[in-house]
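My notes follow the structure.

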Amino acid sequence: MTGGLGVHSALECVGLDRSTETAILVTRPGGGVGRVGVPQDTAIPGSGPAFSKNLHISGGPAPVRAYIAELLTDIMEGTINPGRVFDRTVGLDEVPDGYRAMNDRESIKVMITP
């Protein structure tokens with residue numbers, strides 16, 4: 001899709017070593033990788049190839065609290081469709097099962113309904 005050049009920018013939002021390495025590998029020399037959220041480890045996997053490709057890597061925790069009130073209301077009212085990020089919905093009494101499903105990689109993200 002990029003003619004072998006790689007993408008100019010990649011956004012890594014999973015926090016796993018493998019997803020970080022993939023973002024670095026698909027980014028063209030001189031490009032950038034943004035990391036959003038809390039990484040699984042303190043070291044950046046793939047830092048050797050990133051250095052060799054002169055990639056700019058930056059990121060930090062997602063500022064969820066700054067947007068949650070407005071976005072949650074929009075999601076619950078149907079104004080915004082969260083798309084394929086949420087692939088399972090659970091009630092409050094099923095929250096432990098939702099966390100288990102994410103931990104076991106059965107779900108990407110679980111939406112909790114009141």
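Entry 1, ground rules. I am working with a predicted model, in which local features need pLDDT of at least 70, side-chain atom pairs count only at pLDDT 80 or more, and totals for chains, interfaces and linings use all residues. Residues are numbered from 1 along each chain as its sequence is written, and side-chain values use heavy atoms, with hydrogens and water left out.

Entry 2, the sheet. I took helices (H or I, at least four residues) and strands (E, at least two) as DSSP runs numbered from the N terminus. Two strands count as paired if DSSP finds at least two bridges between them. I found an open sheet of three strands in the order β1-β2-β3, with parallel pairing. β1 (7-12) and β3 (56-60) are the edge strands, each with a single partner strand, so one side of each has no neighbour in the sheet. From one strand to the next the twist averages 15°; angles run from 0 to 180 degrees between N-to-C directions, and axes are lines fitted to C-alpha atoms, for helices over the stretch in contact.

Val 7 has Thr 27 as its bridge partner in β2, and Ser 9 has Gly 32. β2 and β3 are also joined in the parallel sense by five bridges, with Gly 60 in β3 as the bridge partner of Val 36.

I call a crossover right-handed if, with the strands pointing away from the viewer, the path from the first strand over the helix to the second runs clockwise. β1, α1 and β2 form a right-handed β-α-β unit. β2, helix α2 (residues 47-52) and β3 form a right-handed β-α-β unit.

I located Met 102 in helix α4 (residues 95-103). Is Met 102 buried or exposed? Met 102 is buried, because its relative accessible area is 19% and buried means under 20% (exposed is over 50%, partly exposed in between; 1.4 Å probe, protein chains only). Leaving out residues up to four places away in sequence, Met 102 touches Ser 107, Ile 108, Lys 109 and Val 110, where contact means heavy atoms within 4.5 Å. Arg 88 is 14 residues from Met 102 in sequence and 9.6 Å away in space, C-alpha to C-alpha.
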